[in-house]
Amino acid sequence: MPVRLDLNNPTFQGHWFALEKEEQLSVLNYCSKLAATEWDAIYRDKGLRWELIQSRAGRDKERLYSIRMSGKVRAVVRRSGEFVEFLTLHADHDSSYR
C-alpha cells in the first residue's frame with residue numbers, strides 16, 4: 001500500500017516555512033520520496049530511520065515516530081491508516097524526542 005502524506009498541521013507548516021530555503025527544499029524532496037514509497041519499504045529504509053519516540057505520545061495516546069527528513073532536520077509523525085501525519089519539524093534532532 002502506498003504512503004499518503006498529511007502535511008496540513010499548522011505547527012508543522014510553521015516549522016517548515018521557518019527553515020532556510022535549502023532545508024525547505026530537502027524536506028519537500030523527502031516528502032516526494034515518501035509519497036512514492038510503500039509502507040513496508042519505509043520501515044526497512046535505513047536512511048529514513050523511522051523510530052518510535054518512547055518519551056512521548058500523541059493527544060489520544062497514539063504512538064509518535066521520528067523520521068529523518070534531511071541531514072539536519074527530523075520530523076515527528078504519526079501513522080493514521082495509510083497516512084503519515086506530519087506534526088512538527090526539528091532542526092535539532094534531540095528536540096524531536098522531547
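Student: What makes M1, W39 and Y43 residues that R79 touches?

Tutor: Contact means heavy atoms within 4.5 Å. By that definition R79 touches M1, W39 and Y43, when residues up to four places away in sequence are not counted. Please note that this is a predicted model, in which local features need pLDDT of at least 70, side-chain atom pairs count only at pLDDT 80 or more, and totals for chains, interfaces and linings use all residues. Residues are numbered from 1 along each chain as its sequence is written, and side-chain values use heavy atoms, with hydrogens and water left out.

Student: Why is the link between R79 and Y43 called a polar contact?

Tutor: A polar contact is a pair of N or O atoms within 3.5 Å; within protein, one must be able to donate a hydrogen and the other to accept it, and residues adjacent in sequence count only if both atoms are side-chain atoms. The side chains of R79 and Y43 are joined at 2.7 Å, so the pair falls within the 3.5 Å limit. A polar atom of the R79 side chain also lies 2.7 Å from the backbone oxygen of G81.

Student: Is R79 buried, exposed or partly exposed, and how do you know?

Tutor: Buried means under 20% relative accessible area, exposed over 50%, and partly exposed in between (1.4 Å probe, protein chains only). R79 has a value of 31%, and is therefore partly exposed.

Student: What makes S66 buried?

Tutor: Its relative accessible area is 0%, so S66 is buried. S66 lies in strand β3, residues 63–68; helices (H or I, at least four residues) and strands (E, at least two) are DSSP runs, numbered from the N terminus. The side chain of S66 has a polar contact of 2.5 Å with that of R74.

Student: Why is β5 described as largely enclosed by the rest of the structure?

Tutor: Because 7 of the 8 residues of β5 are buried.

Student: How do you know that β5 pairs with β1 and with β4?

Tutor: Two strands pair if DSSP finds at least two bridges between them. Strand β1 (residues 4–6) is joined to β5 by 3 bridges, and these strands run parallel; L5 stands opposite V84. Between β4 and β5 there are 7 bridges, in the antiparallel sense, and A75 stands opposite L89. β4 and β5 form a hairpin with 2 residues between them, and G81 in the turn has a positive phi of about 65°.

Student: What makes a set of residues a nonpolar core, and which members touch the most others in the largest one?

Tutor: A nonpolar core is a set of buried Ala, Val, Leu, Ile, Met, Phe, Trp, Tyr and Cys residues joined through side-chain atoms within 4.5 Å. The largest has 21 residues, of which V27, W50, I67, M69, V77, F86 and L89 touch the most other members. α2 (21–35) is one of the elements that supply at least two residues, and α2 gives the most, with 4 residues. Leaving aside its neighbours within four places in sequence, M69 is in contact with residues including V27, F86 and L89.
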